[in-house]
Amino acid sequence: MTQEKQRQGFELAAGLLPQRLQAAARSLSVQEQVQCEEFRLRAGQPFCATVAGRMVPLPAGGPALTVQGQDLTELVAQCTSHSVHTYAQQIAGGYVPLPGGCRLGLCGEGVLDDKGSIRMFRTFTAANLRIARPIEGLAEPLLPYLEEEGQWAGTLILSPPGGGKTTLLRDLVRVLSQGHDVALLDERGEIAACRDGVPQHDVGPHTDIITGCPKGPALEAMLRAMGPELMALDEITSASDANAIRLAHGCGCRFLATAHGAEPQDLLYRPAYRSLVQQRVFRRLVVIRRRQGRRVYIVYRIKEGELYEMAGGRDDRGGLWNDGLFEQLYAGPPYSGPKILCGRADTVAV
């Protein structure tokens, strides 16, 4: 991403702030604007920007403005084009997708429905206005290792929270969509960042998107309506999600998904992923690690074999369980472009 595009992203986000905070945001130097990742608004606290991983009170070089409750109300109104009810479902989920792929995260005093889920926020207490910075080019070196007999091998992307899973997933979808029909189940709007039906991030020319819908119903709808070759989705969280994936896999669909974890064996402690590995839905694993402040992408082949029952982290033979299940195929050099933090660049390649 060029510095000019980064500046455009900054200006887009700054223009969504309440009027009294906009001048404070623009008090950052040009270089700081290029490196700005997000604006943080917390009621009763200083207005801040995150710049290259550090918190900067605003305006720069002067006493920071204190965020007021009305600032948060105005920010939500501005980000929803003064039609808050239109985005009620997304707001209840804690976010609003914005033009250009930016994103507003929200929290506050929640009001629950009869099922115990958040129905709305009575008041807002904090907001995180993130500036979109997709990173293209991550996927290409990995692609030869994510195929089996000339076809896409079901693939999981594994990293701790904030490790860059969504960024890599998005770029894989973009590249795969050049030659395949891809169904993207973007439940929380984080991957394509659709706004009024238009994806704000490039997810390729042959990608069909369902957003704001639980994975199980979305998956069934995609199978019936679009007949995809590949399905991409973020974190699998429930047994019903896993069951829907198994059924689609039985119909010949192949998958790309993400999972939270640090090591390959972490998958096997989680019943949903364990069952999908056992049934060969996933045959490749991409683990994202940080080395010297940079991301490294390591590809493993998930070998076919019996998964033993776990007893205190060991199998019933007394040895480390499932030892040798993962065979490393590729470990690229640290990514040499901008660093990635929570799906965003946190430094700029000059």
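Strand β17 (residues 294–302) is largely enclosed by the rest of the structure, because 7 of its 9 residues are buried. This is a predicted model.

**Strand β17 and its partners**

Strand β17 pairs with β16 (residues 284–291). The two run antiparallel and are joined by 8 bridges. Within this pairing, Val286 faces Val299 of β17. Strand β17 also pairs with β18 (residues 326–331). Here 5 bridges join the strands, and they too run antiparallel.

Which residue of β18 stands opposite Arg301? It is Glu327. Arg301 and Glu327 also form a salt bridge, with the closest N and O atoms 2.5 Å apart. Arg301 belongs to strand β17 and Glu327 to strand β18, so the pair ties together parts that are 26 residues apart in sequence. Arg301 counts as partly exposed because its relative accessibility is 28%. Glu327 is partly exposed as well, with a relative accessible area of 31%.

Lys215 lies in helix α7, which covers residues 215–225. Is Lys215 buried or exposed? At 3% relative accessibility, Lys215 counts as buried; the cut-off for buried is under 20%.

Lys215 forms a salt bridge with Asp234, and the closest N and O atoms are 3.2 Å apart. Lys215 sits in helix α7 and Asp234 in the loop between β14 (230–233) and α8 (239–250), so the pair ties together parts that are 19 residues apart in sequence. Asp234 is buried too, with a relative accessible area of 4%.

A polar atom of the Lys215 side chain also lies 2.9 Å from the backbone oxygen of Glu235. Leaving aside residues up to four places away in sequence, Lys215 touches Leu185, Glu187, Leu233, Asp234, Glu235 and Asp241.

**Salt bridges**

How many salt bridges does a search of the whole structure find? It finds 15. Three of them are listed here.

| Arg7 | Glu11 | 3.7 Å |

The Arg7 and Glu11 pair lies within helix α1 (residues 3–14). The two residues are 4 apart, about one turn of the helix. Arg7 counts as partly exposed because its relative accessibility is 26%. Glu11 is also partly exposed, at 30% relative accessibility.

Lys215 is buried at 3% relative accessibility, and Asp234 is buried at 4%. Arg301, by contrast, is partly exposed at 28%, as is Glu327 at 31%.

**Backbone details**

The peptide bond from Leu58 to Pro59 is cis, with omega near 5°. Pro59 is located in the loop between β3 (54–57) and α4 (69–79).

Another loop, between α4 and α5 (88–92), holds Ser81. Ser81 is not a glycine, yet it has a positive phi of about 55°. His82 has its place in the loop between α4 and α5. His82 has a positive phi of about 60°, although it is not a glycine either. Is His82 buried or exposed? At 63% relative accessibility, His82 counts as exposed.

Terms used
Residues are numbered from 1 along each chain as its sequence is written. This is a predicted model: local features need pLDDT of at least 70, side-chain atom pairs count only at pLDDT 80 or more; totals for chains, interfaces and linings use all residues. Side-chain values use heavy atoms; hydrogens and water are left out. Buried means under 20% relative accessible area, exposed over 50%, partly exposed in between (1.4 Å probe, protein chains only). A polar contact is a pair of N or O atoms within 3.5 Å; within protein, one must be able to donate a hydrogen and the other to accept it, and residues adjacent in sequence count only if both atoms are side-chain atoms. Contact means heavy atoms within 4.5 Å. Two strands pair if DSSP finds at least two bridges between them. A salt bridge is a side-chain nitrogen of Lys or Arg within 4 Å of a carboxyl oxygen of Asp or Glu.
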